[in-house]
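Open the model in your viewer and keep the sequence panel beside it. This tour goes from one selection to the next.

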Amino acid sequence: MISAQAYGENGKMKEYHYTGPVEHKFSPYAFNGGTVLAVAGEDFAIVASDTRLSEGYSIHSRDSPKCYKLTDTTVLGCSGFHGDCLTLTKIIEARLKMYKHSNNKSMTSGAIAAMLSTILYGRRFFPYYVYNIIGGLDEEGRGAVYSFDPVGSYQRDTYKAGGSASAMLQPLLDNQIGFKNMENVEHVPLTQEKAVQLVKDVFISAAERDVYTGDALKVCIVSKEGIKEEIVPLRKD
Amino acid sequence: MTLLSLSVSQVTTYATPPLEPSRPIARVRAGERRDYSSHPSKFLKSCSCEDGVCIDLNHGTTTLAFKFRHGVIVAVDSRASAGKYIASKEANKVIEINPYLLGTMSGSAADCQYWERLLAKECRLYKLRNKQRISVSAASKLLSNMMLGYRGMGLSMGSMICGWDKQGPGLYYVDDNGTRLSGRMFSTGCGNSYAYGVVDSGYREDMTVEEAYELGRRGIAHATHRDAYSGGVVNLYHMQEDGWIKVCKEDVSELIHRYKKGMF
């Protein structure tokens, strides 16, 4: 295809410049964007994600949420490469079923986290390009959040942001939930209503400044009554 | 029938080109079919930071441990960095294998967590099979053999196995090359040189317990002050004859404030 750049000022075609040999390689990965966030409260956990699926300069879909319900008490959020997200969730769901059939009970959040760590490490030399965050209730009914890196290192947190806008959101959560860098402030424990409102505000900020985050926000609230879902619109630009 | 056998024989006479790997195939572990005739570590590096794909893994630390008259002191920082982003400020870098064995983690977080958890499983199996606790020497050897099985594949782990067994206090350094050294004092991670400086200058074999705690704290605090990839809190453990105790968990910035008088 001949573009305008091939023509010089006087209307004649420009000289062809040979820059030297260029190596092209197939990359098995792609970056599909998206942000995931999880917050653990006293007796609830919230997992939220935006619903935009992008690649490079394009948006593939405005309705592709990144939260996956695993059990009645656990939700997984994964962002990164969408192909690996799909495969990983398929494998996790199969393993959950196998566990249920052999042990006659559902997997607890802590067990799912440990299992996900070994699944991810099984691909240590060709990783799943996925940033995972699990949110749910532990055996005592308290909120639990587990965050992972692409090869399976994990730990339990109170709150965590992952995905393209994670570096923007994590400091905001440190300040609002962890009360970091604030003086003379009472450390009030987070209520469910305040947590949901905070998550919505935080995603609105992320959509303002991150190109890969936007379109809509899906919030999954995990409590002993079950999992409640809310969809909130975000900037579509 | 004859047609089938003809086609089969045709297929089987096909000459296959001889396999000539450009570098020796890594030794495969019994029961596993893995053939890495290419470079797995180079593959991962080539995928990262190209076309917006950036796979940064959790990395970086300072850990230290030393033996003295009253046991072994283990001190670690708590920062996990992924590239230049701090992924966690409260990472747990000490694995409590059993009440008499501790393992520290430095390097790649996933490698350390996975292999030391596997080591904990092997130690438990040893206890069940032999009705006695595993020695520190044997535990560290199990870990170093696991590392040797994957030598050259790009694992990154520097760990200290500390414990108290029939031979007394034990301290071994194990790393991803398969190195396994017994010693009186080690420090691992990218901040290790700063920690060595501090602990080497303050160490005496006949320190009191409180002095030893303070030395461990100082070593980590000063290392986090100067090393970008270390920070967070100091987790301090003391390995005694009847097991380990967790001594303290102190924020590094507060420690530096306390030591400020002697600095710059």
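**Stop 1: an arginine in chain B**

Select Arg218(B): the residue is partly exposed, with 32% relative accessible area. This is a predicted model. Arg218(B) sits in helix α6 of chain B, which covers residues 209-226. Now show the neighbours. Leaving aside residues up to four places away in sequence, Arg218(B) touches Val198(B) and Tyr259(B). From C-alpha to C-alpha, Gly83(B) and Arg218(B) are 26 Å apart in space, and 135 residues separate them in sequence.

**Stop 2: salt bridges within chain B**

Select Lys121(B) and Glu122(B). Their side chains form a salt bridge, with 3.7 Å from N to O. Are these two residues buried, partly exposed or exposed? Glu122(B) is partly exposed at 24% relative accessibility. Lys121(B) is also partly exposed, at 43%.

**Stop 3: across the chains**

Which residue of chain A pairs with Asp111(B)? Select Arg124(A). The two form a salt bridge, and their closest N and O atoms are 2.6 Å apart. Asp111(B) lies in helix α3 of chain B (residues 109-130), while Arg124(A) lies in the loop between α2 (109-121) and β7 (130-137) of chain A, so this pair joins two chains. Colour both by accessibility. Asp111(B) is buried, at 0% relative accessible area. Arg124(A) is buried as well, at 6%. Side chains of opposite charge can pair when their charged atoms come close.

**Stop 4: a pair in chain A**

Stay in chain A and select Lys224(A) and Glu225(A). Their side chains meet in a salt bridge at 3.9 Å, N to O. Lys224(A) is exposed, with 70% relative accessibility. Glu225(A) is exposed too, with 69%. Over all chains, the structure holds 23 salt bridges.

**Stop 5: helix α4 of chain B**

Select residues 136-149 of chain B, which form helix α4. Which residues of α4(B) are buried? They are Val136(B), Ala139(B), Ser140(B), Leu143(B), Ser144(B), Met146(B), Met147(B) and Gly149(B). An α-helix has 3.6 residues a turn, so residues three or four places apart point the same way. Next, show what lies over the buried residues of α4(B). The cover includes helix α3 and the strands β7 (101-104), β8 (158-165), β9 (168-175) and β10 (180-182) of chain B.

**Stop 6: chain A as a whole**

Look for four helices and 12 strands. The C-alpha atoms fill a box of roughly 75 × 50 × 30 Å along the principal axes. Of the 237 residues in chain A, 50% are buried. Now draw the contacts of chain A with a separation of 6 or more. Residues 24 or more positions apart account for 60% of them. Finish with the charges: chain A has 26 positive and 28 negative ones, and their mean positions are 5 Å apart.

Note on methods: Residues are numbered from 1 along each chain as its sequence is written. Chains are lettered from A and ligands numbered from 1 in the order in which they are written. This is a predicted model: local features need pLDDT of at least 70, side-chain atom pairs count only at pLDDT 80 or more; totals for chains, interfaces and linings use all residues. Side-chain values use heavy atoms; hydrogens and water are left out. Buried means under 20% relative accessible area, exposed over 50%, partly exposed in between (1.4 Å probe, protein chains only). Contact means heavy atoms within 4.5 Å. Lys and Arg count as positive and Asp and Glu as negative; His and the chain ends are not counted. The place of a charge is taken as NZ of Lys, CZ of Arg, CG of Asp or CD of Glu. A salt bridge is a side-chain nitrogen of Lys or Arg within 4 Å of a carboxyl oxygen of Asp or Glu. The expected span of a helix is 1.5 Å times one less than its number of residues.
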